[in-house]
Amino acid sequence: MNIARVLYPVEVLGPGKRLAIWLSGCPHHCPGCSNPELWAAEKYQKITVGKFLEAIHQIFVQEGNEIDGVTITGGEPFFQLDELEKLIMGLQQYTNDILVYTGYTIEELLEKNNQKIIKLMDVIAVLIDGRYMEELNTGCVLRGSSNQVIHILNESMRETYEKYLKLPNQIQNFITLDGVISVGIHTPGFNRELKHKANRKGLIIKRGE
Ligand code: SF4
């Protein structure tokens, strides 16, 4: 599986302290995408789902860190359907709050008539679907643009998400060995402005969806 980055605790891509996973590889190429570096699935990002789940087990079970939910984004998570299925099936032992972003609409996914997709729809708690449209980026909570739809597939999560969606949009910055990764739903001008300021100071900025 191609995994580009993993961060914890992410609090701006769903309720609680979440494990956020960015998968690489995306066929949609939405103009203005905040993560074009994730369109290509790079070889060095490959890890087996089994090894990844082992690491997660170590962090969350053996070291006792709390996990309130998981957010899977990218990239296009459904671009690696076989691995995505194994990943989600493995992660459901830690939480029933699994939020997945996809550039496909839910109708496009279901039209594929693929049993793995149908199975995943029973396990995913929340699916946020649709291409990113920069002109519709109006600062919606959890959505990059207002055409995207938040599908609450697990009714037991509805109250938690409805409460979360009333909060203001927030950005969270992580300092990593590679530099700063800014996570959350950014306004369209933010990327250009940040890049401009960073270039002037000789810094490299990475952004998360
Ligand atoms: S916004 Fe999402 S779906 Fe669209 S190109 Fe970027 S990563 Fe792919």
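What percentage of the 209 residues in the protein chain do buried residues make up? In this predicted model, in which residues are numbered from 1 along each chain as its sequence is written, local features need pLDDT of at least 70, side-chain atom pairs count only at pLDDT 80 or more, and totals for chains, interfaces and linings use all residues. Side-chain values use heavy atoms, with hydrogens and water left out. Buried residues account for 46% of the 209 residues, where buried means under 20% relative accessible area, exposed over 50%, and partly exposed in between (1.4 Å probe, protein chains only).

The secondary structure of the protein chain consists of 6 helices and 9 strands; helices (H or I, at least four residues) and strands (E, at least two) are DSSP runs, numbered from the N terminus. The radius of gyration is 16 Å, close to the 17 Å that the globule rule gives for 209 residues, so the chain is as compact as a globular protein of that length. This radius is taken over C-alpha atoms, and the globule rule is 2.2 Å times the number of residues to the power 0.38. Along the principal axes, the C-alpha atoms fill a box of roughly 50 × 35 × 35 Å. Contact is defined as heavy atoms within 4.5 Å. Among contacts between residues at least 6 apart in sequence, 66% join residues at least 24 apart.

The protein chain exposes about 10700 Å², of which carbon and sulfur atoms supply 53%; accessible areas come from the Shrake-Rupley method with a 1.4 Å probe, and for residues only the protein chains shown count as cover. The mean positions of the 22 positive and 25 negative charges are 6 Å apart. In this count Lys and Arg are positive and Asp and Glu negative, while His and the chain ends are not counted; the place of a charge is NZ of Lys, CZ of Arg, CG of Asp or CD of Glu.

The interior was examined next. A nonpolar core is a set of buried Ala, Val, Leu, Ile, Met, Phe, Trp, Tyr and Cys residues joined through side-chain atoms within 4.5 Å. The largest such core holds 31 residues, of which Ile-21, Ile-72, Phe-78, Leu-87, Ile-88 and Leu-91 touch the most other members. At least two residues of this core are supplied by each of strand 2, helix 1, strand 3, helix 2, strand 4, helix 3 (106-111) and helix 4. A second, separate core of 22 residues includes Val-126, Val-141, Phe-174 and Ile-185. Beyond its neighbours within four places in sequence, Ile-21 is in contact with Ile-3, Arg-5, Val-6, Phe-52, Val-70, Thr-71, Ile-72, Thr-73, Leu-87 and Leu-91.

Within helix 2 (residues 81-91), the buried residues are Leu-81, Leu-84, Glu-85, Leu-87, Ile-88, Gly-90 and Leu-91. An α-helix has 3.6 residues a turn, so residues three or four places apart point the same way. The cover over the buried residues of helix 2 includes strand 2 (18-23), helix 1 (49-62), strand 3 (69-74), strand 4 (98-101) and helix 4 (115-123).

Two cis peptide bonds were examined. One joins Tyr-8 and Pro-9, with omega about -5 degrees. Pro-9 belongs to strand 1 (residues 3-10) and is partly exposed, with a relative accessible area of 26%. Apart from neighbours within four places in sequence, Pro-9 is in contact with Lys-17, Arg-18, Gln-172 and Phe-174. Another cis peptide bond joins Gly-74 and Gly-75, with omega about 10 degrees. Gly-75 is located in the loop between strand 3 and helix 2 and counts as buried at 18% relative accessibility. Not counting residues up to four places away in sequence, Gly-75 touches Leu-23, Gly-25, Cys-26 and Leu-38.

Positive phi values in residues other than glycine include those of Asn-113, near 50 degrees, and Leu-142, near 70 degrees. Asn-113 occupies the loop between helix 3 and helix 4 and is exposed, with a relative accessible area of 58%. Leu-142, in the loop between strand 5 (126-129) and strand 6 (149-152), is by contrast buried at 1% relative accessibility.
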